[in-house]
Amino acid sequence: MEKAPRKKEKRPVKKGAALLTLLCLAVLAGAAAYFLRPGAEAPAGPLREEQAVLLDRSVEEISALAIRPEEGAAYRLIRGEAGFFLEGDETLSLRKDIVEEMGLMASVVKAENTVRENARGEALGAYGLASPACVLTVTYTDGEEKTVLFGDLSPQETPQRYVMLRGDDRVFTVLEAECAAFFHDRDYLRDFAQPKLNGSLLDRICVRGEKEIDLRYTESGWLMEAPWRYPAASARMNTLLSRISAMAFDACLGKAEEAELSDYGLDTPALTVTLTQAKTVIRGETAEGQQVTVDVPEREYTLLIGNETGKSGLYLLWENQVFRASNFLLGFWKEMDAESLLSQQPVSFQVNDLQSVSLTAGDAAGSFRVAMVESVTENNQIATDEYGRTLYECEITRLPGGEAVDQEAFLTWYASLSSLRPAGRLPEGYALSGGPEAVLTLESGALTREIALYPYDALHDALTVDGTALYYVSREWLNAAERLP
């Protein structure tokens, strides 16, 4: 037998206290009416934690997905024997991973939080649900339909979006990551092949249009040929090649001949990029274990870059197809700056790539031949490392006589030459006057580089590299260079 609750004895209330109590109740009622009125701003946080389930049926029970995305036309995916296909365009090949992800996300939609129990009319606007950013309608094999409305992003630290089920006045939030697939437009679903470029195989990069940049690969490093003939910086070029290798597109909009190129700014592109891939040889093994080689001829690729999409992206033409891509992955072409690619170390040849070095600077003059010869042990055997690879050492001779030069002394001097760095930029259109006060010539297996210094001011010399004058350098470098080995 349960114990009966004990009644509390009522106590009389003074008249003044009673009036005060009534006044407080009136204020609280007015506040409640204000906060619950239609059109109130969305609360910063949830009313309570609740794992409400908006959709919860298996993928196999879904017969169709109708999506009205934030941008672009509405479309409908129908389940067939081979998976989902676009209604009205059954022959169009779709991106299987994306479509499968959409099906999985539509099978279960769980709320993170309940934000509001009863939201109608103008109140929906506070959550972006009066005009939803995206509408998903799921049709099941038994004929049932459910529609989910996705609104604005909520202010939670973890990205979440306001959401409600049509026919239910409650407002929830769901994780942005668990509904992002429904925001893809129809074009995003079209299957296509991503570019597969290996930056290390490129021989030439040519950019035309809003800017003009030509880059050519040599065995001694990349060389810029336009807008100036000048050596390119190795580190900057490696970054550029990595970005080219990582190029990827968001969506294929169709073949060029089927598109109105002017709509995308591709009839007069902002940039035309030509990439030349070197001739290569692919080696492999057949199923029978036979070693085979396949020659891949040189190939030229052309990339046209058009208008901005208006949403952190751009349109482009590649392999006769129109694409949409993000600025994150393709925007580097428009940001590309020729001067930032210039080498700040013109004496950049590796010693094992050198063939000769000569310097003429006033009374100081010298020419040296550089050769890599097999290293020999004390018992007159060819020296090798722990893996059996032949070791080499640097042999220096003075030209024209051929006298031997101390290796350590030469390498120390060459290291001082390699320290050459610009101290500043010459004024635009600067004209050299008189003859050079010093000329350094470096010859490698791939090219010859001539570096000359001209008087600039009391502390600096104007620097030319292969005849191009862009920078000035400290005169201290020349003082050290004149101390020949």
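Welcome to a predicted model, in which local features need pLDDT of at least 70, side-chain atom pairs count only at pLDDT 80 or more, and totals for chains, interfaces and linings use all residues. Residues are numbered from 1 along each chain as its sequence is written, and side-chain values use heavy atoms, with hydrogens and water left out.

**The chain overall**
- The chain has seven helices and 31 strands; these are DSSP runs numbered from the N terminus, with helices (H or I) of at least four residues and strands (E) of at least two.
- Of its 485 residues, 41% count as buried, meaning under 20% relative accessible area with a 1.4 Å probe and protein chains only.

**The open sheet**
- β20 and β21 belong to an open sheet of nine strands, in the order β15-β14-β13-β12-β17-β20-β21-β22-β16, with antiparallel pairing.
- β15 (230–231) and β16 (251–255) stand at the edges with a single partner strand each, so one side of each has no neighbour in the sheet.
- I305 has L316, in β21, as its bridge partner.
- Helix α3 (residues 234–245) lies across β12 (202–209), β13 (213–218), β14 (221–226) and β17 (271–277), and runs at about 85° to β12; axes are lines fitted to C-alpha atoms, for helices over the stretch in contact (heavy atoms within 4.5 Å), and angles run from 0 to 180 degrees between N-to-C directions.

**The largest pocket**
- On a 1 Å grid over the protein atoms alone, a pocket is an open set of points with protein on both sides within 12 Å along at least five of seven lines, whereas a cavity is a set where a 1.4 Å probe fits but cannot get out; lining residues have an atom within 4 Å of a point.
- The largest pocket has a volume of about 700 Å³, which is the space filled by probe spheres set on grid points joined across faces, edges and corners.
- Its lining has 24 residues, and E71, F183, D185, K311 and R324 are the closest to its centre.
- β21 and β22 (321–326) are the elements that give two or more residues to this lining, and β22 gives the most, with three.

**The largest cavity**
- One cavity of 30 Å³ or more is found in the whole structure, and the largest cavity holds about 40 Å³ of space.
- V108, V109, K110, F150, V174, E178 and C179 line the largest cavity, with strand β6 (residues 108–110) giving the most, three residues.

Terms used. Two strands pair if DSSP finds at least two bridges between them. Buried means under 20% relative accessible area, exposed over 50%, partly exposed in between (1.4 Å probe, protein chains only).
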